[in-house]
Amino acid sequence: MTAPLPSHAEIVVIGGGIVGCSTAYHLAKAGAKDVVLLERAKLTSGSTFHAAGLVGQLRSSANVTRLLKHSVELYDTLEAETGLATGWKMNGGLRLACNPERMIEIKRQATTARSFGLEMHLLTPSEAKDLWPLMDESDLVGAAFLPTDGQANPSDITQALAKGARMRGVRVIEDTAVTAIEVKDGRVVAVVTDAGRIACEKVVNCAGQWAREVGRLAGVNVPLCSVEHQYLISEPFGVPSNLPTLRDPDRLIYFKEDVGGLVMGGYEPNPIPWAVDGIPRGFHFSLLESNWEHFEQITEQALARCPSLGTAGIRQLLNGPESFTPDGNFILGEAPEVRNFFVGAGFNAFGIASGGGAGWALAEWVLTGDPPLDLWPVDIRRFSRVQEDDTWVRTRTLEMYGKHYTIVWPFEEYASARPTLTSPIYERLKASGACFGSKLGWERPNWFAPAGVEPVDRYSFGRQNWFPHVGEEHRAVRERVGLFDQTSFAKLMVTGPDAEAVLSWACANDVRRAPGKLIYTTLLNTRGGIEADLVLARLSPEAYYVVIGTGFRTHDVDVLNRSVPDGARVTFEDITERNGVLALMGPRARDVLAAVTDADVSNAAFPFYTHQELSIGDAKVRALRLTFVGELGYELHMPREHMAAVYDALMAAGAAHGIANAGYRAMDSLRLEKGYRVWGADISPDHTPYEASLGWSVKLKSNVPFLGRDALVERQGRPLPKRFVGFAVDDADVVLLGRETIYRNGVPVGYLSSGGYGYTVGKNLGYGYVRHADGIDDAWLTTGTYELDVASVKVPATIALEPFYDPRSARVMA
């Protein structure tokens with residue numbers, strides 16, 4: 001029975017699919033007393049009812065994997081709790097490899113699984129056939145088995161979650177469409193439906209394929225689009241009920257058992273978008289017309305893997321559209337545009353696997369204002385204004401769908417919807433051999449091909465084609481001077497009488513520096529975890545210039561905005577597109593800069609971590625003396641219209657000093673040698689500055705209040721449960737990428753957060769957190785013998801507690 005529409009609710013959840021019902025269930029379970037769930041038609045009637053129902057857990061992120069493990073734990077107990085069947089069956093999951101490259105990927109996945117505490121076994125072809133006797137294994141190289149994976153009935157699980165929510169007081173209202181969302185002073189105040197208005201404090205958009213449309217009602221961007229997805233249901237032909245789910249990514253197909261038959265589907269490389277002009281009215285419990293011709297490419301692969309399917313009757317070819325996102329990760333979190341408007345959508349055909357955990361995380365986020373753990377890979381703030389464009393979103397999403405089962409190569413770049421945003425010197429860099437990557441819509445040079453070399457990435461799990469050329473760029477910066485285009489970095493002006501007070505509360509470091517000073521700082525959450533890191537340049541008593549990493553623009557601006565108290569006299573102005581940035585780095589950087597400006601750039605006049613305005617030709621340039629590569633260096637910020645002229649002047653003056661263009665892969669290699677951290681990998685909301693060995697950047701001794709201070713004070717004096725440290729591997733054939741398991745004295749103690757190669761030190765380098773429940777100190781760290789699990793092979797590693805290169809930073813300060 002549908003509950004009557006109330007005039008008020010604390011929280012309104014929009015969408016009665018698995019994610020909406022899971023979110024409502026977890027909200028109520030956590031103690032929320034006034035929750036309403038609205039469904040435009042009937043529960044499960046969007047895409048949940050036609051989902052295939054495979055439940056796999058392993059993802060490339062530890063915390064996203066943790067959410068999927070939470071789903072499994074929930075599905076294990078839900079039937080007993082609610083009395084409703086869920087169809088949940090922990091029959092395990094097989095992944096096949098038909099070529100050596102795929103087997104390397106699977107071995108690396110097995111390492112990742114171990115790092116994340118997930119059981120995964122590598123199998124021979126015959127062992128795989130023993131588990132899945134219907135298969136032709138003749139082309140297999142190997143396989144992997146995850147025993148805790150499984151399958152479920154999507155509609156049954158959703159109904160069970162809805163019952164569990166109702167049991168705890170949630171009002172579930174069906175046949176009620178949302179027509180408007182009222183926003184006042186940047187906050188949600190009401191949801192308007194075709195049956196009336198509900199005043200509310202918070203809204204959670206779990207509207208599935210309709211989430212983009214619902215988001216727009218509130219002025220919120222939800223980047224997803226609908227794509228046709230087909231799977232076949234066979235007649236029963238004696239398939240055992242305990243048959244594991246099977247994913248055969250080289251053939252682009254998947255299988256699961258279904259009442260003695262098989263469900264078989266796949267991800268074709270030429271997907272078909274749906275509802276380009278909007279989802280039709282009345283589309284509920286609806287399917288699209290079967291497209292046998294399009295599905296033929298999948299059928300051929302399935303029959304080759306499972307010949308007996310060819311003699312089974314076909315019950316149905318089901319074509320149901322599903323929502324996909326431009327990067328293949330789902331979307332969670334509070335929208336940066338509107339306070340108290342949350343989103344849980346875009347589940348890329350693994351909504352059933354994600355539903356339990358995503359609903360738990362989203363409910364915690366709604367109730368506390370913060371995610372319960374670092375969920376950056378799925379955070380809605382990973383997007384920007386670029387993803388507001390429907391054509392861009394659809395184009396990139398279709399490419400992503402086509403890669404759903406292709407090998408995920410290290411350093412792989414998307415090719416579609418490019419170029420979108422470019423630097424003023426894009427054409428110059430292109431003519432100089434730049435091979436570009438894309439980040440948040442920006443074209444950025446990853447590396448430069450010398451004359452006679454094509455500037456194209458050739459992907460592999462070994463050393464890729466750019467490896468020697470990046471090494472030359474690395475050496476140019478270490479030995480001479482290199483020039484990086486960092487125009488994509490986000491730039492923010494913070495001004496007003498309360499600018500210092502607002503930033504002092506938001507930032508863990510002391511921002512009360514004199515004009516002309518630079519400040520590196522982290523921004524913390526209430527748990528003391530690192531929400532962001534950035535650089536501030538103090539311009540005047542009432543003005544700061546803030547520099548933010550390219551991919552974190554939306555996120556970091558939102559984190560800063562949240563720190564502003566009501567009535568504060570401060571303005572945040574995003575000026576990213578106005579300014580170009582060139583980073584001049586290397587021991588000859590001062591010589592080059594001195595040749596193009598009349599300013600005194602000596603060490604005495606322009607010391608490290610200061611900034612000043614100087615002229616280069618007709619351009620007024622804000623020069624910041626800092627580095628992310630571990631050498632003497634300057635970031636030069638200037639109006640876009642002057643950037644080409646400044647670039648030309650620097651290259652001309654630098655010719656005598658061996659100047660070279662350098663890209664972001666060289667920057668990564670250089671920063672690894674110096675131990676500089678990257679937010680989202682090496683530092684995150686799950687790590688405090690002290691665990692990250694960044695305690696020097698925290699003003700704890702000053703007694704100045706700041707966000708997260710209480711949590712850090714509360715932990716003072718306790719042993720650290722984890723520490724960020726470095727590792728070196730001498731074996732030149734090893735490739736470190738991150739997520740490799742760290743072993744101390746044969747016991748797993750953590751995993752790498754990032755990895756790569758240090759050309760100056762001539763070693764493979766990795767960084768990660770070593771964990772020990774009883775606490776960690778230098779003596780404990782240095783008395784262990786360490787190994788790293790790389791693609792399921794343990795290799796010896798040497799621990800380092802300080803940077804591998806120039807540990808005293810003498811070169812930076814020179």
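**Reading the terms in a predicted model**

Student: Where does Arg590 lie, and why is Arg590 said to have no salt bridge?

Tutor: Arg590 belongs to helix H14, which covers residues 589-596. A salt bridge calls for a side-chain nitrogen of Lys or Arg within 4 Å of a carboxyl oxygen of Asp or Glu, whereas the nearest side chain of opposite charge, that of Asp591, is 6.7 Å away from Arg590; therefore no salt bridge is assigned to Arg590, although the residue is buried.

Student: Why is Phe411 called partly exposed?

Tutor: The relative accessible area of Phe411 is 38%, and because buried means under 20% and exposed means over 50%, with partly exposed in between, Phe411 is classed as partly exposed. Phe411 sits in the loop between H9 and H10, and has a positive phi of about 70 degrees although it is not a glycine.

Student: How do you know that Asn745 is partly exposed?

Tutor: With a relative accessible area of 45%, Asn745 falls between the cut-offs of 20% and 50%, and is therefore partly exposed. Asn745 is not a glycine, yet has a positive phi, of about 50 degrees, and its place is the loop between strand E34 (741-744) and strand E35 (747-758).

Student: Which peptide bond is cis, and what is its omega?

Tutor: The bond joining Arg418 and Pro419 is cis, with an omega of about -10 degrees, and Pro419 lies in the loop between helix H9 (390-402) and helix H10 (426-431).

Student: What lines the second largest pocket?

Tutor: That pocket, with a volume of about 750 Å³, is lined by 34 residues, and those nearest its centre are Arg339, Val559, Asn561, Arg562 and Ser563. Helix H13 (553-562) is one of the elements that supply at least two lining residues, and the largest share, 3 residues, comes from H13.

Technical notes
Residues are numbered from 1 along each chain as its sequence is written. This is a predicted model: local features need pLDDT of at least 70, side-chain atom pairs count only at pLDDT 80 or more; totals for chains, interfaces and linings use all residues. Side-chain values use heavy atoms; hydrogens and water are left out. On a 1 Å grid over the protein atoms alone, a cavity is a set of points where a 1.4 Å probe fits but cannot get out, and a pocket is an open set with protein on both sides within 12 Å along at least five of seven lines; lining residues have an atom within 4 Å of a point. Grid points are joined across faces, edges and corners, and a volume is the space filled by probe spheres set on the points. Helices (H or I, at least four residues) and strands (E, at least two) are DSSP runs, numbered from the N terminus. Buried means under 20% relative accessible area, exposed over 50%, partly exposed in between (1.4 Å probe, protein chains only). Lys and Arg count as positive and Asp and Glu as negative; His and the chain ends are not counted.
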